[in-house]
Amino acid sequence: MVWLLVLLVGWAEWTYPGFTSWGNMQNVLAQNATIGIVAVGMTFVMISGGFDLSVGAIYAGCSVFFAQLALSLPMELAFVLAVAIGATAGLVNGLLVTVLKVNPFVATLGTASVFGGAAFLYSDSSPILNNEPGFEWLGMGKVAGVPVAILVLALVFLVGGFVLSRTVYGRSLYAVGGNAEAARLAGLPVGLLKTSAYVLVGACAGVAGCVIASRLQVGQADIGSTIALDAIAAVVIGGTSLFGGEGAVWRTAVGLLIIAIIRNVSQSRGFDINVESVITGFIIVGAVALDAYARNRRR
C-alpha cells in the first residue's frame, strides 16, 4: 500500500499539476480530517477483533449535541461534553459485545439505528445552526497558517500511534485480537480491553462530529451516512486485518491518503463520482484479498 500511495502521488501530480502544492495538500487533509479521526478509533477496534458500524450515527449525533450545547455553554465545555457522549455511546457498544456477547456487526448495526434516531429526536429532524463567534475555530480556524482540523487530525494520529505501538495497553489489544482465548489464559482482561476500544472509537467519532459541526457551523443528524464505510475503507486499505491482531495507525494514515488522493483528483478533474467509487472498491477488495492470501501462506 505504501508503494501504491507513491504511485498515486506521482499519477496525481502528472494528471493535476500543482497537486503536491502546500495549499492543495491542506485542502486534501482538511477535507478528510473527520474520516481520519474516526479511522484511528476504528483501527483500535479492528485490531482488537471487533467492528463498529455505528460510528456514523455517533458522529452525526455529536455534531448535533456540540452545535446545540455551544449555544449556551463555553465552546471548550461543549466540546468535552459532546466527546463524552460519543465515548458513552461507544461504551454501550462495548458492553453489548463483551457482556451480552452480541455479534459486533449486529450490535453496532442496531445501535446505529438507536443513536441516529436519538439525534433526529433531539434536533427535531432540523439542522441546528450555530453562528456564535469562535464556534467555527475548530473546523475553519488556523494556527501558524495550519488549519486547526489538520492539527487535530495529526494529534489524534500521533497519540493513537504511540498508544498502540509503545504501551502495554496497545500490545494487549494486539494479543486480544490475535487470540482472545490465549490472552484470557495469560491473565489479560479481554472484555475490558475490547470494551475500551469501542469507547475510544466512540470518542473519536465525537471529536470528528465536533470538527464537522464547527466547519459547517451547523449540526445535522443526517451527515454521517458514509463515514463509517469511509473509515473502515481507510483502515482496511492501510493493511489492518479484518480478523484482528494485525495493523497499525501509520498504515491507516496510508489508507486515508490513498482515498483522499483519489477523491481530490476525481473532483479536480471533474471525473464521474461513480468512477471514484469503482477505483476505491477495487483497492478495498485488493487489500482484503492480500490480507487473506498472506494469512493462508502463514498457515
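In this predicted model, S63 is counted as buried because its relative accessibility is 0%, a value that falls under the 20% limit for a buried residue. The residue belongs to helix α4, which spans residues 55–69. A polar atom of the side chain of S63 lies 3.3 Å from the backbone oxygen of Q220. When residues up to four places away in sequence are set aside, S63 touches G209, I212, A213, G219, Q220 and I223.

Apart from its neighbours within four places in sequence, S123 is in contact with V64, I128 and A221. The residue D124 is found in the loop that runs between α6 (104–123) and β1 (128–129). With a relative accessible area of 62%, D124 is classed as exposed, since the limit for that class is over 50%. The backbone of D124 has a phi near 55°, which is a positive value in a residue other than glycine.

A positive phi is also found at Q217, where the angle is about 60° although the residue is not a glycine. Q217 lies in the loop between α11 and β4, the latter comprising residues 218–219. The relative accessibility of Q217 is 26%, and the residue therefore counts as partly exposed, a class that lies between the limits of 20% and 50%.

In soluble globular proteins, nonpolar side chains tend to be buried together. The largest nonpolar core of the present model contains 86 residues, among which I37 and I258 touch the most other members. Helix α11 gives the most to this core, with 14 residues. For I37, the contacts beyond four places in sequence are with V152, L153, V156, C204, V207, A208 and V211.

Although M1 and I237 are 236 residues apart along the chain, their C-alpha atoms are separated by 7.2 Å.

Rolling a probe the size of a water molecule over the atoms shows where empty space is left. The largest pocket in the model has a volume of about 310 Å³. Its lining consists of 14 residues, and those closest to the centre of the pocket are L155, V156, V159, G160 and C204. Two or more lining residues are given by each of the elements α3 (33–47), α8 (148–166) and α11 (190–216), and the largest share, seven residues, comes from α8. In composition, the lining divides into 12 nonpolar residues, two polar residues and no charged residues. Two of the residues closest to the pocket centre, V156 and C204, are also in contact with I37.

Terms used:
Residues are numbered from 1 along each chain as its sequence is written. This is a predicted model: local features need pLDDT of at least 70, side-chain atom pairs count only at pLDDT 80 or more; totals for chains, interfaces and linings use all residues. Side-chain values use heavy atoms; hydrogens and water are left out. On a 1 Å grid over the protein atoms alone, a cavity is a set of points where a 1.4 Å probe fits but cannot get out, and a pocket is an open set with protein on both sides within 12 Å along at least five of seven lines; lining residues have an atom within 4 Å of a point. Grid points are joined across faces, edges and corners, and a volume is the space filled by probe spheres set on the points. Helices (H or I, at least four residues) and strands (E, at least two) are DSSP runs, numbered from the N terminus. Ala, Val, Leu, Ile, Met, Phe, Trp, Tyr, Cys and Pro count as nonpolar, Asp, Glu, Lys and Arg as charged, and the others, Gly among them, as polar. Buried means under 20% relative accessible area, exposed over 50%, partly exposed in between (1.4 Å probe, protein chains only). A polar contact is a pair of N or O atoms within 3.5 Å; within protein, one must be able to donate a hydrogen and the other to accept it, and residues adjacent in sequence count only if both atoms are side-chain atoms. Contact means heavy atoms within 4.5 Å. A nonpolar core is a set of buried Ala, Val, Leu, Ile, Met, Phe, Trp, Tyr and Cys residues joined through side-chain atoms within 4.5 Å.
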